[in-house]
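Please read them alongside the coordinates.

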Amino acid sequence: SSTCALYFTRNGFDVFPLFVDYGQITVRAEYNAAKRICRHLKINKPYKIKISSLRRLVQTALCGTRKFSISNNKSGEFEFFPHRNLMLLSVGAIYAANKKARYIGMGILSIGQPQYPDITLEFIQAARKVLKISGNVYLLTPFARYPKTEVIRYGKMFGLDYSLTFSCNVNSKHHCGKCMSCIARNEVLKTVMSNRHKSRKKGR
């Protein structure tokens with residue numbers, strides 16, 4: 001999402017960040033990170049919408065009251081919130097109507113990710129059709145067809161500070177290092193930094 005905000009800022013869009021509190025355990029850390037990124041990019045402060053009562057309907061590691069063992073979560077099943085992106089798009093469409101905006105931007109990655117149903121290219125295409133019918137707003141997903149390493153390289157190329165971001169799904173204070181998001185974050189940052197180091201050596 002941070003790289004997505006950078007992309008739209010660099011491409012001349014007037015960005016109105018939206019933060020949705022849907023009851024996730026990490027809401028405070030996520031919102032603080034969103035505010036840091038917006039200050040870093042010099043864009044509007046994120047508008048926060050609270051629908052946290054949704055957590056009553058979903059029992060996963062992301063929200064709810066049940067405790068899950070992240071170490072046994074290799075499939076990412078415990079960290080899946082059903083229909084989350086559909087919910088976020090619906091709220092985003094309402095916010096877009098309020099701002100009289102023509103576009104909704106979303107940082108969905110479809111390549112090299114766990115195949116949750118609401119991050120697939122099929123989902124994106126269907127969502128675009130529904131949004132056009134329901135309110136003539138267009139969904140932009142600039143990084144959907146790119147692996148996460150390329151997205152991070154893009155961000156670093158234009159000075160995005162990823163130390164300001166927060167990706168953990170289960171810890172509200174710091175990255176746990178064990179959930180699917182933390183593992184993916186660490187692997188990608190390590191790969192990108194390793195490749196940059198190799199490139200520098202070749203250039204000497």
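**Notes on the predicted model**

1. K42 has a relative accessible area of 77% and is therefore exposed, the cut-off being over 50%. The model is a predicted one. K42 sits in the loop between helix 2 and strand 2, directly following helix 2. Its phi is positive, about 60°, although K42 is not a glycine.

2. H83 belongs to the loop between strand 2 and helix 3. With a relative accessible area of 57%, H83 is exposed.

3. As to the overall layout, the protein contains six helices and four strands. Along the sequence their order is α-β-α-β-α-β-α-β-α-α. Of the 204 residues in the protein, 40% are buried. Taking contacts between residues at least 6 apart in sequence, 64% link residues that are at least 24 apart.

4. Helix 1 has S2, T3, C4, A5, L6 and F8 as its buried residues. What do these buried residues of helix 1 pack against? Their partners are helix 2, strand 3 (103-105), strand 4 (138-140) and helix 5.

5. Helix 2 (residues 27-41) has 15 residues, and at 1.5 Å a residue it should span 21 Å; the end C-alpha atoms are 21 Å apart, so the two values agree. The expected span is 1.5 Å times one less than the number of residues. The buried residues of helix 2 are V27, A29, Y31, A33, I37, C38 and L41. In an α-helix there are 3.6 residues a turn, so residues three or four places apart point the same way. The buried residues of helix 2 pack against helix 1 (2-10), strand 1 (18-21) and strand 2 (47-50).

6. How are helix 3 and helix 4 packed, and at what angle? Helix 3 (residues 84-99) and helix 4 (residues 121-135) meet at an angle of about 30°, and their axes are 12 Å apart. Angles under 35 degrees count as roughly parallel, and helix 3 and helix 4 are therefore roughly parallel to each other. The crossing of helix 3 past helix 4 is right-handed. On the helix 3 side the contact is made by N85, L86, L89 and A93, and on the helix 4 side by F123, A127 and L131. Six of the residues in this contact of helix 3 with helix 4 are nonpolar, one is polar and none is charged.

7. T149 is placed in helix 5 (residues 148-157). Is T149 buried or exposed? Its relative accessibility is 19%, so T149 counts as buried, the cut-off being under 20%. Apart from neighbours within four places in sequence, T149 is in contact with V188, T191 and V192.

8. A61 is found in the loop between strand 2 and helix 3. A61 has a relative accessibility of 8% and so counts as buried. In sequence A61 and F81 are 20 residues apart, and in space their C-alpha atoms are 8.9 Å apart. The loop between strand 2 and helix 3 also holds H83, which is exposed.

Note on methods:
Residues are numbered from 1 along each chain as its sequence is written. This is a predicted model: local features need pLDDT of at least 70, side-chain atom pairs count only at pLDDT 80 or more; totals for chains, interfaces and linings use all residues. Side-chain values use heavy atoms; hydrogens and water are left out. Helices (H or I, at least four residues) and strands (E, at least two) are DSSP runs, numbered from the N terminus. Buried means under 20% relative accessible area, exposed over 50%, partly exposed in between (1.4 Å probe, protein chains only). Contact means heavy atoms within 4.5 Å. Axes are lines fitted to C-alpha atoms, for helices over the stretch in contact, and angles run from 0 to 180 degrees between N-to-C directions. Angles under 35 degrees count as roughly parallel, over 145 as roughly antiparallel, 65 to 115 as roughly perpendicular and the rest as oblique. A crossing is left-handed if the near helix is turned anticlockwise from the far one by less than a right angle, and right-handed if clockwise. Ala, Val, Leu, Ile, Met, Phe, Trp, Tyr, Cys and Pro count as nonpolar, Asp, Glu, Lys and Arg as charged, and the others, Gly among them, as polar.
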